[in-house]
Amino acid sequence: MMPRLDATAVDDPAGLVGLLSAAGLPTEDVAEPGRVILRYANEGREFVGIGGFEPLGSAVLLRSIAVVPDHWGHGIGRSITADLMGRARQRGATDAFAFTTRERPFLAALGFQRVERTEAPAAVLATRQAMGLCSASAVLWRKETGR
Ligand SMILES: CC(C)(COP(=O)(O)OP(=O)(O)OC[C@H]1O[C@@H](n2cnc3c(N)ncnc32)[C@H](O)[C@@H]1OP(=O)(O)O)[C@@H](O)C(=O)NCCC(=O)NCCS
């Protein structure tokens, strides 16, 4: 079962740089406009993780998904990702993409599939993550938001 989480919009993503860099995730562009970044609390109102996406028309680029290490392994990453997918779907996005710098069994466990860059919309390939923050060897993942 997925834990119930409360999501709050993050007005100051720069404040999350510590958690993101500790998790090995890019921070350089996190505060740029146009990103949706949310912080998540559990039912005890404890801060347990963050997640976000860049809306790109019929697609979103998921990013900045990180769970506070003390809370790993309890379905929180799955719950955050499901919440982000639901929000993407509500905005009319049919596909969610994500770049990772190495194999991520986490995304595979959630039903994402590895795809080639040629299968991604131009808007995804034009993001800063695609253009520079992630190396050319980055792995690209896709999942339909409605699945
Ligand atoms: C990856 C991360 C978000 C997972 O968070 P989590 O709350 O521990 O994940 P969950 O408990 O929701 O696990 C969901 C599924 O992913 C699998 N999974 C999670 N982390 C995994 C790992 N490191 N290796 C293999 N499988 C993993 C779980 O087994 C689970 O699958 P199951 O339901 O089939 O058993 C967390 O470890 C983290 O913040 N890591 C650092 C940042 C990072 O790597 N972000 C992801 C970028 S894509």
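What is the make-up, by class, of the shell around the ligand: how many nonpolar, polar and charged residues does the shell have? The shell comprises twelve nonpolar, five polar and two charged residues, where Ala, Val, Leu, Ile, Met, Phe, Trp, Tyr, Cys and Pro are taken as nonpolar, Asp, Glu, Lys and Arg as charged, and the others, Gly among them, as polar. The model is a predicted one, in which local features need pLDDT of at least 70 and side-chain atom pairs count only at pLDDT 80 or more, while totals for chains, interfaces and linings use all residues. Residue numbers start from 1 along each chain as its sequence is written.

Now for who sits around the ligand. There are 19 residues around the ligand, and Ala23, Gly77, Arg78, Pro105 and Ala109 come nearest; a residue is near if its C-beta atom, placed from the backbone, lies within 6 Å of the molecule. Strand S4 (59-67), helix H2 (76-90), strand S5 (95-100) and helix H3 (105-109) each give two or more residues to this shell. Helices (H or I, at least four residues) and strands (E, at least two) are DSSP runs, numbered from the N terminus. The biggest giver is H3, with four residues.

Three of these elements also belong together in the fold: S4, H2 and S5 form a right-handed β-α-β unit. Right-handed here means that, with the strands pointing away from the viewer, the path from the first strand over the helix to the second runs clockwise. S4 and S5 pair in the parallel sense over three bridges, pairing being called when DSSP finds at least two bridges between two strands. In this pairing Leu61 stands opposite Phe97 of S5. S5 is also joined to strand S7 (residues 139-144), this time antiparallel and through six bridges, with Ala96 opposite Lys143 in S7. Since five of its six residues are buried, S5 is largely enclosed by the rest of the structure. Buried means that 20 or more other C-beta atoms lie within 10 Å of a residue's own, exposed that 12 or fewer do, and partly exposed covers what is in between, with C-beta atoms placed from the backbone.

Seven bridges join S3 to S4 in an antiparallel arrangement, and Pro55 stands opposite Val60 in S4. The two strands make a hairpin with two residues between them, where Gly57 in the turn takes a positive phi of about 70°. S3 is antiparallel to S2 as well, over six bridges, and Val36 faces Phe53 of S3 there. Eight of the ten residues of S3 are buried, so this strand too is largely enclosed by the rest of the structure.

The hairpin of S2 and S3 has five residues between the strands. Arg45, in the loop between S2 and S3, has a positive phi of about 65° although it is not a glycine. Arg45 counts as exposed, with 8 C-beta neighbours inside 10 Å. Ser64 is another non-glycine with a positive phi, of about 55°, but Ser64 lies in strand S4 and is buried, with 26 other C-beta atoms within 10 Å.

What holds the middle together in terms of nonpolar residues? The largest nonpolar core has 34 residues, of which Val60, Leu61, Leu62, Ala96, Phe97 and Ala98 touch the most other members. In soluble globular proteins, nonpolar side chains do tend to be buried together.

Leaving out residues up to four places away in sequence, Leu61 touches Phe53, Glu54, Leu56, Phe97, Ala98, Val124, Thr127 and Gln129, contact being C-beta atoms, placed from the backbone, within 7 Å. Beyond four places in sequence, the contacts of Glu54 are Gly34, Arg35, Val60, Leu61, Arg63 and Thr127.

How values were computed
A nonpolar core is a set of buried Ala, Val, Leu, Ile, Met, Phe, Trp, Tyr and Cys residues joined through C-beta atoms within 7 Å. Two residues are in contact if their C-beta atoms, placed from the backbone, lie within 7 Å.
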